[in-house]
Amino acid sequence: MLRLYDTATGLVAPLGERDAGSIGIYVCGPTVYGPPHAGHGRFVLVYDVLRRYLEHRGLAVRHVSNVTDVDDKIIERAQVEARDWRDVALESEQQWWESMDALGALRPSAVPHATKFVEEMVDLVAALVAKGVAYETGDGVYLSCEAVDGYGLLAHQSLDSLRAGARVAVSDDKRSPVDFALWKKAKPGEPTWPSPFGPGRPGWHTECVVMSLELLGESFDLHGGGLDLVFPHHENERAQAVSLGRGFARHWMHNGLVTVGGEKMLKSLGNYVELADLLAGSDARAYRLLVLRSYYRSPLEVGEAALADAGAALARVDELARRVGSVGPAPQPPVAAGALRELRAGAIGRFEAAMDDDLATPRALGDLLVAVRESNRLLDAGDVDAGRVLAHTALELLAVLGIEPHAASERPDEHVTDLANRREDARRAGDYAAADTLRAEMAALGWQVDDGPAGPQLHR
Ligand SMILES: [Zn+2]
């Protein structure tokens, strides 16, 4: 049984099922105002692997992930570029799916768009006002957080410290600094919807509480997102549900953020890595491998050396798949004999034990890469049955993590040939540092180079 860290309790606990045999997951998706970056790729891959693993364990997974298609940032960009805000959202969403498809992420079971649920959001705000827990001001409708039972549960902070840390704009006539906008009254030039509080648009926190409850029902199993969403976004989603007396997420999961050069990836620091750029330079599976090599709650450092190393590991997986003839779906290995059955059960047991332990993917993946090496050793030693059984089992479990072997392309493409030529030039000129960098770039694309008497030879 999968045990997962729960942000609310601070404990690793079994992920329970509200409805036996199925799991409902809500993951906060993107605000579509620009191309996705490496951090987006990471969270999508973390929840993609969680879903694949739950399905591997025989659970039916309903995976809901929203698209925020109206927001300050979308409107701002549309105004700067003198475009329709819908056009900005649509274009950015297309870029999003292109990158996520390239990463091999399964599309969510449902992708609710904020603009399609505005009526339901207005109803929720009205219900909160009717209950006396929300109030209208000059610029919107706010939730009274001071009275919310357990406010600060996810942030693990007291109301006093949250109040002290809250930023209050001069013009706000909020009753408490921790109160937040459920509804924002219309400003000139902004998209608006009608409501009993005048035309305007819903706040972001209202969007996710409405869509998760609409699509998964009360007391759904798991709410996830990046660590940066714990407070205030998720705290405030929960506050609305609690205020209405509705059961909300039973388990909270948050993934760590991406760092570049040891620093948080930020546009203002100039270390911002767009996903499309990252994928253009390497095998798309290398980023998935990199994500899996790091524990999901830890920060993830993204760099070229780590990607190249991941590419080299993938080349070994591909090579084994070709050796045992299982590019494409892995056939069931012959496991009649006791020792072979044990070999297979042992590999599966180790994999599931690691994954059940709060998704310890570095351990699960490490074991599988050892199994890849061991399969080759068995095959080299002439123990063909054992080698094949272990190889097929490892490939099957790698596929659970979303890593499918690639068929070898017969010849290196132009880009790889160019890298090989430049490396050879650098080597002849004695610039071994440059030659090594080019070799690493080729490794990231799955190509190895051997310097023989007949000149450099390329192979997968
Ligand atoms: Zn959200």
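Helices (H or I, at least four residues) and strands (E, at least two) are DSSP runs, numbered from the N terminus. This is a predicted model, where local features need pLDDT of at least 70, side-chain atom pairs count only at pLDDT 80 or more, and totals for chains, interfaces and linings use all residues. Residues are numbered from 1 along each chain as its sequence is written.

**Figure 1**
H7 itself covers residues 230-243; at 1.5 Å a residue, its 14 residues should span 20 Å, and the end C-alpha atoms sit 18 Å apart, which agrees. (The expected span is 1.5 Å times one less than the number of residues in the helix.) The buried residues here are His234, Glu235, Asn236, Glu237, Arg238, Ala239, Gln240, Ala241 and Ser243. "Buried" means that 20 or more other C-beta atoms lie within 10 Å of a residue's own; 12 or fewer makes it exposed, anything in between partly exposed, and the C-beta atoms are placed from the backbone. The cover over these buried residues includes helices H4 (118-130) and H6 (204-216), plus strands S6 (140-143), S7 (180-185), S9 (222-226) and S10 (252-255).

**Figure 2. Helix H11 and its buried side.**
H11 runs over residues 338-356; at 1.5 Å a residue, these 19 residues should span 27 Å, and the end C-alpha atoms are 26 Å apart, which agrees. Its buried residues are Leu343, Arg344, Ala347, Phe351 and Met355. They take up an arc of only 95° around the axis, which puts them on the same side of H11. (That arc is taken from the directions between the helix axis and the C-beta atoms.) On the face turned away from the buried side you'll find the exposed residues Gly338, Ala339, Ala345 and Gly349. Helices H1 (38-56), H12 (361-380) and H13 (384-400) are among the elements that cover the buried residues of H11. Just after the helix, Asp358 adopts a positive phi of about 55°.

**Figure 3. Zooming in on Phe351.**
Phe351 is part of helix H11. Phe351 counts as buried because 25 other C-beta atoms lie within 10 Å. Setting aside neighbours within four places in sequence, Phe351 is in contact with Ala364, Asp367, Leu368 and Leu397. Here two residues are in contact if their C-beta atoms, placed from the backbone, lie within 7 Å. Take Asp367: it is 16 residues from Phe351 along the chain, and their C-alpha atoms are 7.3 Å apart.

If you skip the neighbours within four places in sequence, Val125 is in contact with Ala134, Val141, Leu182, Trp183 and Thr206.

The protein chain splits into domain 1 (3-255), domain 2 (260-400) and domain 3 (414-459); the bounds come from an automatic or database domain assignment. The C-alpha centres of domain 1 and domain 2 are 33 Å apart. Their contact takes 24 residues from domain 1 and 25 residues from domain 2. On the domain 1 side that touches domain 2, strand S1 (3-6), H1 and helix H3 (85-102) each supply at least two residues. H1 provides the largest share of that side, with 12 residues.

**Figure 4. A three-stranded open sheet.**
The 3 strands of this open sheet come in the order S12-S11-S13, with mixed pairing. Strands S12 (263-264) and S13 (300-301) are at the edges, each with a single partner strand, so one side of each has no neighbour in the sheet. S11 (residues 258-260) pairs with S12 in the antiparallel sense over 2 bridges; strands count as paired if DSSP finds at least two bridges between them. Val260 stands opposite Glu263 in S12.

**Figure 5. The S14-S15 hairpin.**
S14 and S15 make a hairpin with 2 residues between them. S14 (residues 448-452) is joined to S15 by 5 bridges, and the two run antiparallel. Gln448 faces His459 of S15 across the pair. Of the 5 residues of S15 (residues 455-459), the number buried is 0, so this strand lies largely in the open.
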